[in-house]
Amino acid sequence: MFHFLCKSILHHGRYAAALSSAHRLFSFQHSPSIITLRFFISTLENPNKQSFAASYLIIKFGFSPESALSASKHLNFKTPDNPDLVIHMFQHYGLSQEQIFKLVKKFPRVLSCKPEKTLLPKLKFFHSKGMSGNDIAHILCAHPCILNRSLENQIILNFNFLVSLLESIDKTIAAVKRYSPILYHKTDIYLKPCVDILEEYGVPQKHIATLVYRSPRSVMMSPNHLRRIVETVREIGCDPLKPHFTTAVMVMGLLSKSGWERRLGVYKSWGWSEEDVLAAFIKEPWCMMTSDDKIMAVMDFLVNNMDCEPSFIAKKPYLLKPGLKTTFIPRASVANFLLSKQLIKTRPNLVTLFLCSEKLFLKKFVNCFDEAPQLLKMYNKRN
């Protein structure tokens, strides 16, 4: 069918070349549809760089005709040679076919990149630092514009700065995977000035390193904006020498003003004062990143099911961290069973019950009782 369609349309000595190109194009697609074949044939009848690139995107990557035509306006290849080299180069560095498809769909222009000049040096650098194919795919798919940035003047300089700060290549790779722009924005515009500001306020370098490792986005904002956040966090009462200071900076950097006001209102609905909220934030900054729904659900459970006073939670804001279905409900069920069978005399301390490790919980509340199999079955219903 394929050969017949090509022969029926190509009459002027173009059949051999067309058939060769077709075979190469369809190498990733074992059973091309009639629609795809017709699109390809119409491309061969009216060759131009947009239509050939469009057929390439459709046949190899499953683009719709509309999206392929739109993307092809930014592509400049008329044969499969260059895009095939790009694909093979990514495969050589460990990217799977699925990952390459994802990258191309997000950034079709990658197929027009010069493999030896633009792609190979960056792929070699990433690989030399110990990045796997999955690492490279994660970074490129998240922010493919990194392929257009200078290797020497941006990527290498930033990578080396991060390594010196984090004192670990593995942590540097993890930070880059969390927020790839940290690798290609000029160091002296965001990264270094933000680090300098934190040092200026007395934040220990190990805490700065932890912040950059956990939330690299936090040091990729306007230095003036970061300074305002740091000043606010200090005025609230957070100590720059304590680990929670950088966590508070991270939270305030991620949370909008409206988000802060909304969380404040949720806590106030449970009787907390603004002072209670700020005190809780100092102890556990993540309490302001917890979603409104989760705050309401956990507060309702602790207050109405566990007879806990809202003021107690305000003093122990880390009680808001565990999951309702994964921790609170199953552990409470085990504790209630033990109470009902008089295997324990009083309800366990809530902090111990809900915040202890899995291993310690099983040791204290499950495995030490004859009813352990029944308790374990009850507890494992959460999964």
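Author: The second largest pocket is lined by Thr232, Ile236, Met252, Leu255, Ser256, Lys257, Trp260, Glu261 and Leu278. (A pocket is an open set of points on a 1 Å grid where a 1.4 Å probe fits, with protein on both sides within 12 Å along at least five of seven lines; lining residues have an atom within 4 Å of a point.) This is a predicted model, in which local features need pLDDT of at least 70, side-chain atom pairs pLDDT 80 or more, and totals for chains, interfaces and linings use all residues. Residues are numbered from 1 along each chain, and side-chain values use heavy atoms, without hydrogens or water.

Reader: Which helix gives the most to that lining?

Author: H16 does, with three residues. Helix H14 (223–236) and helix H16 (257–268) each supply at least two; helices are DSSP runs (H or I) of at least four residues.

Reader: Changing topic: how many salt bridges are there?

Author: The structure holds nine, each a side-chain nitrogen of Lys or Arg within 4 Å of a carboxyl oxygen of Asp or Glu. Among them, Arg331 pairs with Glu358, with closest N and O atoms 3.6 Å apart. This pair links distant parts of the chain, helix H20 (residues 324–340) and helix H22 (residues 358–365), 27 residues apart.

Reader: Is Arg331 buried or exposed?

Author: Arg331 is buried at 4% relative accessible area, whereas Glu358 is partly exposed at 34%. Buried means under 20%, exposed over 50%, and partly exposed in between, with a 1.4 Å probe.

Reader: What does Asp196 bridge to?

Author: Asp196 bridges to Lys192, at 3.1 Å. Both lie in helix H12 (residues 191–200), four residues apart, about one turn.
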